[in-house]
Amino acid sequence: MSVPADAPVLTADAMRAAEAACVAAGTTLAELMERAGAAVADTAWRMAAGAPILILCGPGNNGGDGYVAARRLAERGAAVRVAALTDPATELARAARAAWTGAVEAIDAVPSGAPLIVDALFGVGLSRPIADDLAAVLRRLSGRVLAVDVPSGIDSDGGADWMPPLVADVTLALGALKPAHVLLPTARSCGRVLLAPIGISADRAMRTLPRAPSQVPGPAMHKFSRGMVLVFGGPMRGAAGLAAAAALRAGAGYVVLDGSESATLLAIIAESDEKFGERLGDPRVGAVVIGPGFPAGEELLFAVEAALDSGKPLVLDAAAIDAALPRLSETPRKAILTPHEGEFARAFPGAYGSKIDRAKAAATRTQAVVVYKGADTIIAAPDGRVAAAWPGSPWLATAGTGDVLAGACGAMLARGGDAFDAAVAAVGWHIARAAHIGPGLVADDLIRD
Ligand SMILES: NC(=O)C1=CN([C@@H]2O[C@H](COP(=O)(O)OP(=O)(O)OC[C@H]3O[C@@H](n4cnc5c(N)ncnc54)[C@H](O)[C@@H]3O)[C@@H](O)[C@H]2O)[C@@H](O)CC1
Ligand SMILES: Nc1ncnc2c1ncn2[C@@H]1O[C@H](COP(=O)(O)OP(=O)(O)O)[C@@H](O)[C@H]1O
Ligand SMILES: [K+]
């Protein structure tokens, strides 16, 4: 499973708007479908490597892409069969089918599949789950599957958990990725996702994670200019220690951890009580991390109030999110919230829609960047920017890795740039480090050299 880096992600509505803009700029819809079908044919040609191909066509333009691909594959000498669900229902699909001169079989009459099945049944136009009888027919087919745009049967906007009867080995996204390619549970049915640009100009407010940029410090940097991070430590010392160490490993030049005992790394400055409190007024402090190892209670409320009063850029994790919520949108500030599923549900009850919709709503409400964690982490900014981190590294599914992420967010935020970019960089750093370590990873490994 993989998705292209730094690729646009569009909902069905945004896709239609991009298509309309493309048409307004002079490209015909038929030309767009021809480009889409050509890209499908190229991918199918390579996947089939000479073996027979069965193309399943639906009633809409997804089916139209299938007919175009069939025609182009046959012109190249591939062995292609086409099976259709019903007659085409759109003008474009009708024209594409008319240009296909081969036979069209009924889907329920095709025997058992083919070495390569091209799934062009439904794309972004699917409005309800696939009927049970069709799903049963599709489940009987065997062969490698190339899904056109999305595996048929899923809600491309990622709002519904409908699962496709045919799980794809490869999905060729047309024009842009769709939310379902990067959100669970549907992302797992897409296999390897490829992107065919087809010439539409896609809005880039929502995209997949960029490739991790180089973390090499500038030649004239010093410890304070690289970023100074304060980490509040609650009663669970290990978690705050992990966050502080992660801030250093992620590139902060100076990290101060609240508490008197020595920390995970000797380079961390441990300071307690008043001395730590005074640090909040230090103009060199670029970010304050609070939440790791700090359960809800009076002590946390007091610490969160102090952090909010300081006016510093904040990273709020775990119970600190709830504690800060009432005051967060009060004054403009840079802040990153890092809730996992349970923390998100507690802080934002009643949020609805896809995980992307929910993350965006939380960002708008709090005026903070929200890193909604999980295997399909979503990062959302109050201005509407979204980054999707699927697929992350499943080795991160172990205790303490969230504390490490909070520390990394602190390091990236302390550099002084945009909070959304900082969160994107931190999530990218976290995943890259986990992928590098791989089997046997424990959170401590993420903070060792
Ligand atoms: N938007 C774009 O820029 C482009 C879109 N293209 C293709 O067009 C697709 C979208 O086409 P459409 O909007 O025609 O929609 P689809 O082809 O995805 O499906 C819509 C059709 O399926 C029917 N339908 C919906 N749910 C159903 C269900 N559960 N059971 C049975 N029938 C159902 C609808 O009545 C309609 O006839 C994209 O996914 C892509 O493959 C490409 O041709 C090129 C460019
Ligand atoms: N299956 C998974 N695949 C990829 N990343 C995961 C998976 N499970 C958890 N993660 C990541 O691991 C981290 C866990 O954070 P969290 O649940 O807060 O852990 P903790 O509180 O123990 O530190 C998050 O960054 C999350 O996105
Ligand atoms: K499809």
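Me: Two residues are in contact if their C-beta atoms, placed from the backbone, lie within 7 Å. Which residues in α3 meet which in α4?

Reply: N61, G63, G64, Y67 and V68 in α3 meet L92, A93, A96 and R97 in α4. Note that this is a predicted model: local features need pLDDT of at least 70, side-chain atom pairs count only at pLDDT 80 or more, and totals for chains, interfaces and linings use all residues. Residues are numbered from 1 along each chain as its sequence is written, and chains are lettered from A and ligands numbered from 1 in the order in which they are written. Helices (H or I, at least four residues) and strands (E, at least two) are DSSP runs, numbered from the N terminus.

Me: At what angle do α3 and α4 pack?

Reply: About 20 degrees, with the axes 8 Å apart. That makes α3 roughly parallel to α4. Angles under 35 degrees count as roughly parallel, over 145 as roughly antiparallel, 65 to 115 as roughly perpendicular and the rest as oblique. Axes are lines fitted to C-alpha atoms, for helices over the stretch in contact, and angles run from 0 to 180 degrees between N-to-C directions.

Me: Is the crossing of α3 and α4 left-handed or right-handed?

Reply: Left-handed. That term applies if the near helix is turned anticlockwise from the far one by less than a right angle, and right-handed if clockwise.

Me: Now α9 and α10. At what angle do they cross?

Reply: Roughly 55 degrees, and the axes come within 9 Å. That makes α9 (298-310) oblique to α10 (319-328). Their crossing is right-handed. L300, L301, V304 and L308 of α9 make the contact with A319, A320, A323, A324 and R327 of α10. Eight of these residues are nonpolar, none is polar and one is charged.

Me: Switching to the sheet. How many strands form it, and in what order?

Reply: Ten, in an open sheet: β8-β17-β16-β15-β14-β13-β12-β9-β10-β11. The pairing is mixed. Two strands pair if DSSP finds at least two bridges between them.

Me: Which strands stand at the edges?

Reply: β8 (206-208) and β11 (269-271). Each has a single partner strand, so one side of each is left without a neighbour in the sheet. Neighbouring strands are turned by 15 degrees against each other on average, direction ignored.

Me: In what sense do β14 and β15 pair?

Reply: Parallel, over two bridges. L337 stands opposite V370 in β15.

Me: Which strands does α12 touch?

Reply: α12 (355-366) packs on the sheet and touches β14, β15, β16 and β17. Its direction makes about 150 degrees with that of β15. α14 (419-437) touches β14, β15, β16 and β17 as well, at about 20 degrees to β15.

Me: Ligands next. Which residues come nearest to ligand 1?

Reply: E19, G60, N61, G123 and G125, of 30 around it. A residue is near if its C-beta atom, placed from the backbone, lies within 6 Å. α3 gives the largest share of the shell, five residues. The shell has 14 nonpolar, eleven polar and five charged residues.

Me: And how many surround ligand 2?

Reply: 17, the closest being A375, G392, L396, A397 and G402. Helix α13 (401-414) gives the most, with four residues. By class, six are nonpolar, nine polar and two charged.

Conventions
Nonpolar A, V, L, I, M, F, W, Y, C, P; charged D, E, K, R; others polar.
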